[in-house]
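Please open the model in your viewer and have the selection tool ready. We will go from stop to stop together.

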Amino acid sequence: MPDDKGKTTGSNTLKAGALQGRDAPKDELVIRRYLVYYHVVERASSLTSERNAGCTNATSQGNDTPPCTDLKKLFCMLGVPWPSGSYVYYLSTIGRLEVCNTRENQVLLERLLVEMNVTPRQVQIDMQFVAFDLTNINRLVTSGPGINTASLVSLWSSGRGELLAAPTVVTKCGQEALVKGVTEFVCPATLANPGAVPTNSPGTTAAGSGVVAPGDVQTREVGAILQAVPEVSAEGQLINLTFCPQLVEDPVWEGYGSAGQDTSGKEHATQMRQPSFHVYSTATTVLLASGRRVLVGGGMPSRDGKRLVYLFVTATVLDIYGEAIKFRDDREDAVQPVR
């Protein structure tokens with residue numbers, strides 16, 4: 001789109017007669033500058049790489065660099081002619097696209113930029129881990145509406161569900177996001193028996209005792225973790241979300257070891273505590289309508305087996321000010337039966 005509310009930042013002209021040759025333009029060339037987002041340049045580079053198609057009238061001119069050649073090829077494939085002497089150049093320092101072409105071709109280019117030069121979408125992703133008593137879930141299955149988003153949200157709203165964690169994150173379309181609220185636990189990765197320990201007798205050891213010692217050490221994150229990549233459809237209402245949420249509960253520590261005897265026959269026992277982690281997680285890709293909460297997984301038993309944990313996700317398209325973009329609900333247009 002032209003810079004500054006439809007106006008170009010500069011406009012120069014080159015006389016048509018000054019250019020000779022078969023591809024010489026019929027009209028004079030005009031130089032204009034347009035404000036564009038950098039993702040337009042990135043898209044041009046990726047599209048031309050995929051197509052790997054050349055255009056006879058889109059060869060590089062004197063002022064072109066490889067990214068500008070990609071832009072020229074892209075616009076050529078989309079129907080913008082490039083006569084002799086024309087060029088396109090991206091001025092990255094000021095975010096401007098400098099184009100030298102005829103006035104007629106500039107109009108074609110401006111129409112394309114209106115479609116391509118949209119503000120990059122950003123998406124807010126909200127995840128909830130909710131635990132329900134097993135008795136309430138059984139009641140839904142046997143005599144209620146079954147397990148679905150509406151029935152579980154209703155159960156939760158009535159106070160019969162416990163929110164365990166609710167990670168949320170905002171990211172640009174196509175960009176991976178990671179948010180976590182965790183505590184790091186350092187624990188042994190392996191346990192080993194060193195095979196010899198001091199005894200009560202000075203200077204002596206007991207071989208093959210039951211002493212257990214830590215081997216390698218590892219760090220485990222305990223808490224809520226959400227990793228996601230959203231892709232927004234062209235019209236902006238649908239979101240293809242690839243994500244991997246995790247909820248890791250505090251560990252239960254268990255002792256490992258065995259009894260042994262030293263050379264004097266005295267019994268001794270040592271133990272090394274090792275953590276046991278309980279994890280709720282999923283890894284999936286779903287297609288969501290912006291702003292709609294969806295049940296994406298669950299039925300995972302708690303550590304004590306008395307509750308089941310379910311996962312809900314909401315993905316919402318935001319504008320550059322962080323406000324949710326409102327979309328018309330197509331279901332409102334459904335034909336109502338005539339009574």
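The tour below moves from a strand to its partners, then to a helix, and ends in the core.

Before you start, note that this is a predicted model: local features need pLDDT of at least 70, side-chain atom pairs count only at pLDDT 80 or more, and totals for chains, interfaces and linings use all residues. Residues are numbered from 1 along each chain as its sequence is written, and side-chain values use heavy atoms, with hydrogens and water left out.

**Stop 1: strand β5.** Select residues 122-133, which form strand β5. Helices (H or I, at least four residues) and strands (E, at least two) are DSSP runs, numbered from the N terminus. Nine of the twelve residues in β5 are buried, where buried means under 20% relative accessible area, exposed over 50%, and partly exposed in between (1.4 Å probe, protein chains only).

**Stop 2: its partners.** Two strands count as paired if DSSP finds at least two bridges between them.

- β20 (residues 307-318) runs antiparallel to β5 and is joined to it by twelve bridges; look for Asp 133 opposite Arg 307.
- β7 (residues 168-172) pairs with β5 in the antiparallel sense over five bridges, and here Ile 125 has Val 169 as its bridge partner.
- β6 (residues 161-165) is antiparallel to β5 too, with four bridges; Phe 129 stands opposite Ala 165.

**Stop 3: helix α5.** Now select residues 134-143. Which residues of α5 are buried? They are Asn 136, Ile 137 and Leu 140. These cover an arc of only 100° around the axis, so they lie on the same side of α5; the arc is that of the directions from the helix axis to the C-beta atoms. They pack against β5, α6 (149-160) and β20. On the face turned away from the buried side, find the exposed Thr 135, Val 141, Thr 142 and Ser 143.

**Stop 4: the core.** A nonpolar core is a set of buried Ala, Val, Leu, Ile, Met, Phe, Trp, Tyr and Cys residues joined through side-chain atoms within 4.5 Å. The largest one has 26 residues, and Ile 125, Met 127, Phe 129 and Val 313 are among those with the most contacts inside it. Strands supplying at least two residues each include β5, β14 (238-248) and β20. A second, separate core of 17 residues includes Tyr 34, Phe 75, Val 88 and Met 116.

**Last stop: Thr 314.** Thr 314 sits in β20. Is Thr 314 buried or exposed? It is buried, because its relative accessible area is 11%. Leaving aside neighbours within four places in sequence, Thr 314 is in contact (heavy atoms within 4.5 Å) with Gln 124, Ile 125, Asp 126, Gly 291, Arg 292 and Arg 293.
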